[in-house]
Amino acid sequence: MTVEWLRPDLTQANTLVHLYEGHKDRNEDQIKSYRGRTDLFKEELQKGNTSLKLSAVQPSDEGDYKCLIQSEAWYDDITLGVTWVSRS
């Protein structure tokens, strides 16, 4: 199974936020600002939970995120928006 999280709203060529493929995280081509800040709930993958865990959230994380899920017999994707709310 492959789980790929992207930022399709970015204008740069590389839009990879997180890639899980072959039972491993493969983030060599990840956007630099996301390095060390992303993970999946791996124990939940078998239950269908492909949620992205993003830590040290920053204003630049606001925008659209697309999750692509693919196996040999199945494909699905979803796009969601993240809004930054400042707590003063």
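R37 counts as buried, at 8% relative accessibility, where buried denotes under 20% relative accessible area, exposed over 50%, and partly exposed the range in between (1.4 Å probe, protein chains only). The model is predicted, so that local features need pLDDT of at least 70 and side-chain atom pairs count only at pLDDT 80 or more, while totals for chains, interfaces and linings use all residues. Residues are numbered from 1 along each chain as its sequence is written, and side-chain values use heavy atoms, with hydrogens and water left out.

The side chain of R37 forms a salt bridge with that of D61 (2.8 Å, N to O), a salt bridge being a side-chain nitrogen of Lys or Arg within 4 Å of a carboxyl oxygen of Asp or Glu. This pair links distant parts of the chain, 24 residues apart: R37 lies in the loop between β3 (24-25) and β4 (38-40), and D61 in the loop between β5 (52-54) and β6. Strands (E, at least two residues) are DSSP runs, numbered from the N terminus. D61 is likewise buried, with a relative accessible area of 2%.

Five salt bridges are found in the whole structure. Among them, D39 and K42 meet at 2.6 Å (N to O); D39 is partly exposed at 29%, and K42 is partly exposed at 30%. Another joins E44 and K47 at 3.6 Å (N to O), with E44 partly exposed at 22% and K47 exposed at 65%. Salt bridges that share partners join D25, D39 and K42 into one network.

The largest nonpolar core comprises 12 residues: V3, W5, V17, Y20, I31, Y34, L40, L45, L52, Y65, C67 and I69. Such a core is a set of buried Ala, Val, Leu, Ile, Met, Phe, Trp, Tyr and Cys residues joined through side-chain atoms within 4.5 Å. At least two core residues come from each of β1 (2-6), β2 (16-21) and β6 (63-70), and β6 provides the largest share, three residues.

H18, in strand β2, is buried at 0% relative accessibility. Its side chain makes polar contacts (N or O atoms within 3.5 Å, one able to donate a hydrogen and the other to accept it; residues adjacent in sequence count only if both atoms are side-chain atoms) with the side chains of D25, at 2.8 Å, and N27, at 3.4 Å. Beyond four places in sequence, H18 also touches residues including V3, W5, L40 and L52, contact meaning heavy atoms within 4.5 Å.

Note on methods
Helix = DSSP H or I, 4+ residues; strand = E, 2+ residues; numbered from the N terminus.
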